Amino acid sequence: MAQTFTHEFNHAGFKGKVEVPLGLFIDGKWTTSVDKGAKTIDSVNPSTGEVICSIHEGLGADVDVAVKAARKAFDTTWGTNCPGFERGKYLIRIAELIERDVDILASLEAMDNGKAFAIAKGFDVPQSAAVFRYYGGWADKIHGKTIETSSLKFAYTAHEPVGVAGQIIPWNFPLYMFSWKIGPALAAGCTVVIKPSELTPLTALYMTKLIKEAGVPDGVINVVTGYGNTVGSTIAAHPEVDKVAFTGSTAVGRKVLEEASKSNLKKVTLELGGKGANIIFEDADLEEAVKYAAQGFLFNHGQTCCAGTRLFVHQNIYDKFAARFKEITSKTKVGDPFDANVYQGPQVSQTQYDRIMNHIECGKQEGAKVITGGVRHGKQGYFIEPTIFGDVTANMKIVKEEIFGPVIVISKFEDEDKVIAEANQSEYGLSAGLFTKDITRAHRVAQQLKAGTIWVNCFNELHPQVPFGGYKSSGLGRELGEYALENYTEVKAVHVNMGMKCGFPV
Amino acid sequence: MSHYASVSTPKAGSLKVPTGIFINNEWSPSSSGETFSTVNPATNKPLLDISHATKDDVDRAVKAARKAFETTWANNVTAAERGRLLFKLADLMERDTDKLAAVESLNTGKGVRMARTVDLADSIACLRYYAGLADKLHGTTIDNYAKEKFIYTIQQPIGYLSPLRADGSIPWNYPIQMWAWKIAPALAAGCCVVMKPSELTPLTALMLSDLVAEAGFPPGVFNTVPGLGATTGDAIARHDDIDKVAFTGSVLTGRKISIAAAESNLKKVTLELGGKSPIVIFDSADVEEAADWAACAIWFNSGQDCCAGSRVYVQQGAYEGFVKALKARAEATAIGQPEDEKTSFGPLISQLQRDKVLRYIDSGKAEGATVVTGGRKWAPGGEGFWIEPTILTDIKQDMTVIREEIFGPVVCVSTFDDETEGVAMANNTTYGLAAAVFTNDTRQATRVSRALNAGTVWINEYMLVDNGAPFGGFKQSGIGRELGVNGMETYMQVKAVHQNLTQTSPWPL
């Protein structure tokens, strides 16, 4: 019998009781694992290190059950059995329910992930609703083409739903990533088996209530909580899953692609890591560039795949920029997510904290200079001071590897072509930013940077309508926008003979 | 002064209906104080008097629309926000379905069940379709010059526009639905609107104006100017500060609008005009099924449909069986009072229309056609404007009844020998709005549907449109398309932007 977690929130932003189902959500019902060996998984509050609650663990066998339910729904109540505009209505209803429960979702997200409640309420939750609403509008507009070949033939394409989609999402934007995955999949007519991160399952579990309330048919969305190497791996390797979408580290992304290739060659999309370059040219609006540069690596405590973590500043403005940048960065309010003045909460877990501190130590050892930060914030919890490293060289670990924390490296440049080459000198290619008032330079540089998103005079800008994804090892495929629909559709070409005769034998 | 009056509906009781002019989300009387009257077509009794918008009122509305376009609408608001407001409006229409259906039924004579389950339901779905499309019409980036130049297109809303309603013929036939077809894509695109509903059926358009304000659209984005075609309509078509006019109505009036647009500021024009749509039925077709659809084609909404299937061509082998089957459908039609839940066939919209249709029937008889069934006023209709479902046969293709749009429940059935002849007869018209083919031969279905000159071709069905499928006419049935993505593109104009990166211009050349 699946448990429920009841919590009384009592903070400035929200006072109220919340109930979160802790079970696996399969075929419209909350349940525990079919595997007797399944245990529970503690969900920890990263601000305090305390256990919030224990969710039910799912295992590979539960993925089997979920996939069967998803397949059944696809064949009977979803897919082409449900017209696009009906599918759209469900997605829009989900968006409305998210908006109704904004305070609940934002509170859960802040407690479970550590991000500031104000930011969860101002960004994560409303943007998640916006993504659901956006894809709700696409559901009845997924067109194929009719294609002229000859007058003896009628040829057309149909964009059909791929089938059952397996989705694995990360802990950095739990609800927001949930919307990025479910939105386009359902709009296209696919059914879904989704594994939230075991570090941050609460908002996904709360969403199962809203999904039920929205009236989504049983089996269309199935949520299986558990670990990557059990649930995640089973999804990636499952012979009855037609497509897998993964967001997470490049290392795990490789494994997902391997499993998919070894099993049924299911379609794969990957949103992986990044080491975003941010180039500040001499004519940049200095104050704006400083602020965007700070936001670029501190947003979400640096736990953002598209963070701008390699800063290149033109030598003529370097000193002025660096001074102001240090000032702004060190003013960042770090602390309790439920404090309305806090911008940066804790990192999500002990493991992440350790990794980041490790990188920081490594930076110091390799000879980089700590301009600010470089230490823990406070005495307990996973809080890290915003950290700027200077005097870095291209082969340092802190320059090459994704740190996924509030750590940035800053260097000077003189020559445009050289800095573009340095910016492109990365195995990653997810995002980049550039600051200049020269519009010709802006377009010229944007063209040459090898990244899936280029921000000109801004950073970390995302919209449901605009695609997002990586060059090189940052990923395969695009999410958001119309482009995401391609991940969940198969193109079928139909050739109708209108008068040809078959000359056989020739 | 109150801008509301009450109407008494048979099932929904007494309902308040605005009677004024709607500008900047507020009601006002006509600047001349004039009004025009409306009639209940089931009883021929008067309904309400409505303010008659003058040229000055139209000017005021256009100014309000222009101001909103430049300050609170178009690119001053995100596309997603435009979509959100349309979703809200759809929700409000859903909330008020019973009231709106009752008044629509009262004003047009259509069965209240039809108003609820077809007109309102489809209109709400149309609004939701465009709400979802608002942020999805993309321009393109065109990469021909790479390092030298950055070329892209953007889709921008056309200034603001005025969808126009007609002057006593169409489209008082689907007031709410035609309202939705026009305003949803226009508002989604970012246009501001000055709307003239038909003077025969303005009541629901006026009620809907209140919902637009309630949904939260900024003042001036949507304005309603009730009035007659020759006065209010002409003021709109001729206005120098309106960027586009969209008209649904007769060919005659469509021409006038087009001329007025050309004579004034060459505003963009889209027209949804009449039709004389053919249904071609082959020997291989299921005759009973074809008869079901053909009945719907000509007797849905009492035949008052621009895409009514008013000419049927039946291949020799199936002819006798088909005529018998269609006659049975005519006799089984659910004719009745609009407020009766069983009714799906009500009176025609006006005395004028009713008399016109009777004259067509007489002309058919005079030219030698046979009346298989119907042909008269529906006796139990009393003072109302009902005409019986009517089938004419023994048609010669040059008769008036087969060349001209009757806009009533009168179908002409002819016969043909082979596919070539059938298609030729079907295409022998100045219209081209819709057509249908009934056959169980798959190659023939594709071949014939390709050969029929019409904007919508149905295969083995009729009348069912979809918000996602474009609708509009070939030839004199119109210019442009409504519904689907095309429906919104028509309210946008493409701007190509050429951004120089490294090109230089030597002078002298």
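**Domain contacts within each chain**

In chain A, the C-alpha centres of domain 1 and domain 2 lie 31 Å apart. The model is predicted. The domain assignment of chain A runs 4–271 for domain 1 and 276–456 for domain 2. The contact between them takes 24 residues from domain 1 of chain A and 23 residues from domain 2 of chain A.

Now the area. Domain 1 and domain 2 of chain A bury about 1,800 Å² between them. Carbon and sulfur atoms carry 66% of that area. Three residues stand out on the domain 1 side: P46(A), S47(A) and W171(A). They supply 26% of the area that domain 1 of chain A buries against domain 2 of chain A, more than any other three residues.

Next, the polar terms. Between domain 1 and domain 2 of chain A, the count of salt bridges is zero. Four residue pairs are in polar contact across this interface, both residues at pLDDT 80 or more.

Which elements build the domain 1 side in chain A? At least two residues each come from β1 (4–11), α3 (102–113), α4 and α8 (250–262) of chain A. Helix α3(A) gives the largest share, four residues. By class, the side of domain 1 of chain A that touches domain 2 of chain A divides into twelve nonpolar, nine polar and three charged residues.

Chain B comes next. Its domain 1 is made of two segments, 4–273 + 473–494, and its domain 2 covers 278–459. The C-alpha centres of the two domains of chain B are 30 Å apart. The contact takes 34 residues from domain 1 of chain B and 34 residues from domain 2 of chain B. Together these domains bury about 2,800 Å², with 57% of it on carbon and sulfur atoms.

The polar terms of chain B follow. One salt bridge is counted between domain 1 and domain 2 of chain B. E341(B) forms a salt bridge with R116(B), and their closest N and O atoms are 2.9 Å apart. The rule also finds 17 residue pairs in polar contact across the domain interface of chain B, both residues at pLDDT 80 or more.

On the domain 1 side of chain B, the elements that give two or more residues are α3 (97–108) and α4 (112–133). Helix α4(B) gives the largest share, five residues. The residues of this side of domain 1 of chain B divide into 14 nonpolar, 13 polar and seven charged.

Finally, the contact between the chains. It takes 24 residues from chain A and 20 residues from chain B. The buried area is about 2,000 Å², of which carbon and sulfur atoms give 58%. The side of chain A that touches chain B draws at least two residues each from α2 (84–100), α4 (117–138), β8 (153–161) and α14 (439–448) of chain A. Seven nonpolar, eight polar and nine charged residues make up that side of chain A.

Note on methods
Residues numbered from 1 in each chain as written. Chains lettered and ligands numbered in written order. Predicted model: local features only at pLDDT ≥ 70, side-chain atom pairs only at ≥ 80, totals over all residues. Heavy atoms only, no water. Contact = heavy atoms within 4.5 Å. Buried area = accessible area lost by both parts, 1.4 Å probe. Nonpolar A, V, L, I, M, F, W, Y, C, P; charged D, E, K, R; others polar. Domains from an automatic or database assignment. Salt bridge = Lys/Arg side-chain N within 4 Å of Asp/Glu carboxyl O. Polar contact = N/O pair within 3.5 Å; in protein donor to acceptor, adjacent residues only side chain to side chain.
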